[in-house]
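Subject: Structure handover

Hello,

Here is the structure I promised to pass on. Please open it alongside this message. My notes follow below.

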Amino acid sequence: MVAVVVKDGQVVFSEAFGLKNLETNQPMTTSTQFGIGSLTKIFANLLIQKYFGEDSRYSLITTLRLLFGKNNLFENSELRTHFSNTLDLMAHRMGFSSHNYLRLDDSLHRGNVLERIRKFHPRGGFRDSFYYNNVLYGLLTDIGERLGGKSWEELVQQEFYSPTGMTNSSFFTTLDPNSINIATGYKDDNGDLYPTSFELLRKWTELCGAACITTSADDMGQFMKLLLNDGVTESGKRLVGHEEMKDMFRSWNIPRSAKLDKYFSVIKGVPFSREYTGYALGLKTGFYRDRRILEETGDIFGYSSILTLFPDENLGIFVAMSGEDYDELFRITASSYMADVVNGQEPWLNASSLCTFPEPFMKPKTKKGKRAIKEVSLGRPANDFAGIYRNDLYGDIAIAENNGSLQLQYGYVVFDLIRRDSKSYRFYMISTGIAAHAFKRRSLEFKASDPEKPNSIDIASLPHFEDSDFIRQPHLTVAKVVEDKTTREGILDSTLRTTFKSCRWNQNPGMAVTVVKDGKQVFSKAYGHKDIESREPVTNTTMFGIGSLTKVFANLLVQKFMSNFSRYDMNTTLRHLFGNKEMFKHSFLLSQFVNTLDLMSHRTGLPAYNYLRLDDKLRRDNIIERIQLLKEGGGFREQFKVNNLMYGIITFMAERIGGSSWEKLIKKELLDPIGMNNTSFFTLLEPEAENIATGYIQDEGMLRPVSFEFLRRWTELCGAACITASADDMAKFMNFLLNGGKTESGLRLMYEEKIKELFLPWIHLQKSDIQEYFEKSRGVPFSRKYSGYGLGFNIGTYRDHRILEETGNIFGYRSLMTLFPDKNLGIFISTTGEDDDELFRISVSSYIADLYNEEEPWLNSTLLCSFPRPFMAHSPKRRSRYLPSDVPLGRPIGDYTGTYHDEVFRDITVTTENNQLKLTYGYVTFELRKRAGKSEKFYMIAEGSAQYALKPRTVEFRETDANRTGYINVLFIKSFEDSEFFKVPEIDTTSIGIWR
């Protein structure tokens, strides 16, 4: 336990008692951190108050509808949809039940909480009831992140921890318990203390704003000074506005009867009452001994805390402890005793009564222990219960048989189900794994919806899930997984399955992994679903988009053709191949000397010009013409710069030599001979008829399907990204590469020296993305480095083994192929969804490589989920930001419209539709939303088939014609290689006569 008291801006008491961990016997200190549960809400509310005070457009009464730009916030309450505001969330006056168990769903996170709460049903009145709902504080977390533009953790660190000197404070969501001074939380289970899993705390507090902060007595002393000093730090810096601080302490709601009433009322026998009269913004308002108080308790698995402010006495008290505190009795009595002492009043409590309270003032309530569970047989086959049960709000629970018993999985927690009695199908739910001992014993009841078929179970009713019924889905089954941990393949499958279920399925709905070793496919497994809606499982033959891995096929095809024509090789210039003396009008050097090898190895020095691929007039047969005006962005053959348009030239080159479409040539020359029967192309795909996984993009925290029509158009140039392939087919391809160009049947398709040319470094890589995470200097035990780039592969080392590796990223799909040529080992991973900085794929590849290279793996399922933590600090990337929809235009809407031209990208048109600006380039139309501020900057938000796939970008309208003040003549788009599009003057045709 720790306690700290501040009075008149000074710490007058600060002490620590007991041990931070029962096993290590380390002593507690005042810098030891504790979970503070709901006290986190004060920080969440202060953060938003700070931002509202700095932006006059927003306040506590700004509606959520306006903040989020959505008109369908709550399906079951039009009143709340139209009128609910931030204040309603902060003051728990929405009238929604807690829905606390929704926090077990690992697909729930702060980015999609807005979507998930849409189905909440009101239980109490709007603004006339007090219903605690911590899920809604996830919405406040999201608002804070939208306003601040960073993760909530970064913002709290930046806006409060650092300015107030809170150097021993962190967050369950980011902390490494092995490297910081934090007390272990303990739960009492039938008289025994059990440590709480930090992994459970990390997952449970994902929404952050309700409970994720960990802090120390020393730091809470600093924080109480800030609160009592009207939002001003000791150094005199104001962090939160005066009016906003006043709002923090005002009563905005009336709490329902508190636990306090049972014990701390004079009618119960105590000499002085302590009562709560209202609820402010994260603090209850009330009185103790006729003094005004602001108070809140914090409870989270294994930790208990209290913060009490006496604003008129400039007094603050904070108490935190590990373990539990039944009905908050010890914390409130300790706070009362300290308040009496510091306020100079006769304490009515002492050491003895602090231990015995509520005795001798009243008879204590006896806390019931758990009843022993009597084993009762299921009474019918386990399969009668097993299956997937679905609820519109909570999603799916899975009931599965395990050694004759039943288990329930919801999100990241598995519960053992034990039948309560032989007369009903009611079961106890007992949490296991990371949640063992954390949750109280709960109940579930299986029912039949049809009274005439009482034995046909199709409903699972869970009272603590707000009395929700989960309906059985007869077309879905729970696969029984028998884990084999005796073989290398069994260990790998167990690790991947655990990892996928624990942390990846909500980011990557489907995943397939295959391994080849010494010419054989030694591992091939699939996890998850190929489509979220149908929930059809992924298999080893399900196709995924493989992105840039397509380049390896493109290079092989051209090499194969060139080896058959002595006139050509990779050093033959494009000028000679295409008979064009001026290939690049802005570079004589490129025009004269660029060759096929330069294109393949990304050493032309040309920037990406990726958005040129949105132009529906760009094709393979005109790619030579379209790239002539590209401008250099780096030195020729000096710098690695990815330009996938160059692979359009590679594609066109192969078609000219082979005399057919690239897709047909790849199939004939490579796919069919290798036996890749489950491989296709986005350009030819019929998704309804083929076994392909749906790609998904994260948008506003939700997984959104990527349009196959968009993928077809985007991959028109083909050689850079158009192939879709299955895990089993990629195993055959890896064996083909590792076998020097020979198929499994012994047929040689490529000369071995041509395969070796793929693996040579044709350009040096000065820096690669993986250095930020996979260098020993960053904390990992083994480095993974790229030193060069071959023909479609990064070339480097891992644990002193030579590797050839490439990632494939295309909208909604992520893949990785790693070859260890000296070990005759190949690894292929493909997923739907996203993978920031390729961290998951590369860490999985590292784990697999260690297993098959017979080296001790330094990663496991826990670390695969948390990487790069605990090796280094890391904040997840924000997947959404606030895009205003209400910023007025700075001039008449017609001033923006027209056609704008650039010599490379050609024409963009800006039009209006229902008084909304639209920008169209090629096959994509963007909505333009004005950004805040005086500039003429707008967000571009893709619509139609490109919706969700293309992230919002910025355009700026400019005036550069000195002779025409107020006339917009330039459209600047940074993501289009900093291009300026000049307005095409309109021709007045009214004065043109008609000549006969």
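How close do the axes of helix α15 and helix α23 come, and at roughly what angle do they cross? A caution before the answer: this is a predicted model.

**Helix crossing**

Two packed helices are described by the angle between their axes and the distance between the axes. Helix α15 covers residues 550-563, and helix α23 covers residues 727-738. Their axes come within 13 Å and cross at roughly 45°. The two helices α15 and α23 are therefore oblique to each other. Their crossing is left-handed.

**Salt bridges**

How many salt bridges does a search of the whole structure find? It finds 61. Here are a few to look at.

Start with Arg110 and Glu153. Their side chains meet in a salt bridge, at 2.9 Å from N to O. This pair links distant parts of the chain, 43 residues apart. Arg110 sits in the loop between α4 (86-90) and α5 (113-116). Glu153 belongs to helix α7, residues 152-164.

Next, Arg535 and Asp396. The closest N and O atoms of this salt bridge are 3.1 Å apart. Arg535 lies in the loop between β22 (520-528) and β23 (543-545), and Asp396 lies in strand β14 (residues 395-402), so the pair ties together parts that are 139 residues apart in sequence. Arg535 counts as partly exposed, at 22% relative accessibility.

Then Arg958 and Glu956. They form a salt bridge too, with the closest N and O atoms 3.4 Å apart. Arg958 is partly exposed, with a relative accessible area of 26%. Glu956 counts as buried, at 17% relative accessibility.

**Backbone points to check**

Most residues other than glycine have a negative phi, and most peptide bonds are trans. Here are some exceptions.

Which residues does a cis peptide bond join, with omega of about 5°? They are Glu359 and Pro360. Pro360 is in the loop between α13 (351-356) and β13 (387-391). A cis peptide bond also joins Phe867 and Pro868, where omega is about 15°. Look for Pro868 in the loop between α26 (861-866) and β34 (898-902).

Now phi. Asp290 is not a glycine, yet its phi is positive, at about 65°. Asp290 lies in the loop between β9 (284-288) and β10 (291-300). Its relative accessible area is 77%, so Asp290 is exposed. Asp837 is not a glycine either, and its phi is positive at about 55°. Asp837 is in the loop between β33 (825-832) and α25 (839-852). With a relative accessible area of 29%, Asp837 is partly exposed.

**A nonpolar surface patch**

Which residues form a nonpolar patch on the surface, with about 250 Å² of accessible area together? They are Val12, Phe13 and Phe17. Val12 lies in strand β2, residues 10-16. Val12 is partly exposed, with a relative accessible area of 46%.

**Two buried loop residues**

Cys718 is in the loop between α22 (708-714) and β27 (723-726). Its relative accessible area is 2%, so Cys718 is buried. How far apart are Cys718 and Leu864 in space, C-alpha to C-alpha? The distance is 33 Å, and in sequence Cys718 and Leu864 are 146 residues apart.

Asn21 lies in the loop between β2 and β3 (34-35). Asn21 is buried, with a relative accessible area of 17%. Asn21 and Leu671 are 650 residues apart in sequence. Their C-alpha atoms are 60 Å apart in space.

That is the list. Over to you.

Best wishes

Technical notes:
Residues are numbered from 1 along each chain as its sequence is written. This is a predicted model: local features need pLDDT of at least 70, side-chain atom pairs count only at pLDDT 80 or more; totals for chains, interfaces and linings use all residues. Side-chain values use heavy atoms; hydrogens and water are left out. Patches are made of residues with over 30% relative accessible area and no salt bridge: like charges are joined within 9 Å, nonpolar side chains (Val, Leu, Ile, Met, Phe, Trp, Tyr) within 5 Å. Accessible areas come from the Shrake-Rupley method with a 1.4 Å probe; for residues, only the protein chains shown count as cover. A salt bridge is a side-chain nitrogen of Lys or Arg within 4 Å of a carboxyl oxygen of Asp or Glu. Helices (H or I, at least four residues) and strands (E, at least two) are DSSP runs, numbered from the N terminus. Buried means under 20% relative accessible area, exposed over 50%, partly exposed in between (1.4 Å probe, protein chains only). Axes are lines fitted to C-alpha atoms, for helices over the stretch in contact, and angles run from 0 to 180 degrees between N-to-C directions. Angles under 35 degrees count as roughly parallel, over 145 as roughly antiparallel, 65 to 115 as roughly perpendicular and the rest as oblique. A crossing is left-handed if the near helix is turned anticlockwise from the far one by less than a right angle, and right-handed if clockwise.
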